[in-house]
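Subject: Structure handover

Hi,

Here is the structure I promised to pass on. Please open it first, then read my notes below.

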Amino acid sequence: MSVSLSEASQLAIQSAGVVLTSHGLKNLPKAMQLGKLTYGTVKSNLFWAFFYNSIAIPVAAFGFLHPTLGALIMGGSDVVLAINSLWLGVRKLK
């Protein structure tokens, strides 16, 4: 992974994986931690989405789930994933 400062050349900024806009390299640990937390949140959301769909789709396909209830459950699943993503903003970075 490459890091660039906002004062660097345009080529360095375009090729960098992370561009720090202020305070030099002081915020690099926070940027790395935020990246790890974001990656963990994406993995968690994918797990729960696949888990829900692997159970709900067969149940609905065999007619054990009323379509209205299925739509409500799917909406609830979306809300849970959105709350999981918003939780990233609540966490305190060291």
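Start with the overall form. The protein chain has a radius of gyration of 20 Å, whereas a compact globule of 94 residues would have one near 12 Å. Keep in mind that this is a predicted model. The C-alpha trace spans about 60 × 30 × 15 Å along its principal axes. Buried residues account for 15% of the 94 residues. I also looked at contacts between residues at least 6 apart in sequence: 39% of them join residues at least 24 apart.

Next, the secondary structure. The protein chain has three helices and two strands. Along the sequence they follow the pattern β-α-β-α-α.

Now the helix pair. Helix α2 covers residues 28-61 and helix α3 covers residues 67-90. Their axes lie 9 Å apart, at an angle of about 170 degrees. That angle makes α2 roughly antiparallel to α3, because angles over 145 degrees count that way.

Which residues make the contact between α2 and α3? From α2 come L34, L37, T38, T41, S44, N45, W48, A49, Y52 and N53. From α3 come G70, I73, M74, S77, L81, N84, S85 and L88. By type, the contact residues divide into nine nonpolar, nine polar and no charged.

Helix α3 deserves a check of its own. Its 24 residues should span 34 Å at 1.5 Å a residue, and its end C-alpha atoms are 35 Å apart, so the two values agree. Within α3, G70, S77, L81 and L88 are buried. The buried residues of α3 pack against α2.

Is N45 buried or exposed? Its relative accessibility is 14%, so N45 counts as buried; the cut-off for buried is under 20%. Setting aside neighbours within four places in sequence, N45 is in contact with L81, N84 and S85.

Last, a spot in a loop. G17 lies between α1 (10-15) and β2 (18-20). G17 has 58% relative accessibility, so it counts as exposed; the cut-off there is over 50%. G17 and M1 are 16 residues apart in sequence, and their C-alpha atoms are 5.8 Å apart in space.

Best wishes

Key: Residues are numbered from 1 along each chain as its sequence is written. This is a predicted model: local features need pLDDT of at least 70, side-chain atom pairs count only at pLDDT 80 or more; totals for chains, interfaces and linings use all residues. Side-chain values use heavy atoms; hydrogens and water are left out. Axes are lines fitted to C-alpha atoms, for helices over the stretch in contact, and angles run from 0 to 180 degrees between N-to-C directions. Helices (H or I, at least four residues) and strands (E, at least two) are DSSP runs, numbered from the N terminus. Angles under 35 degrees count as roughly parallel, over 145 as roughly antiparallel, 65 to 115 as roughly perpendicular and the rest as oblique. Contact means heavy atoms within 4.5 Å. Ala, Val, Leu, Ile, Met, Phe, Trp, Tyr, Cys and Pro count as nonpolar, Asp, Glu, Lys and Arg as charged, and the others, Gly among them, as polar. The expected span of a helix is 1.5 Å times one less than its number of residues. Buried means under 20% relative accessible area, exposed over 50%, partly exposed in between (1.4 Å probe, protein chains only). The radius of gyration is taken over C-alpha atoms; the globule rule is 2.2 Å times the number of residues to the power 0.38.
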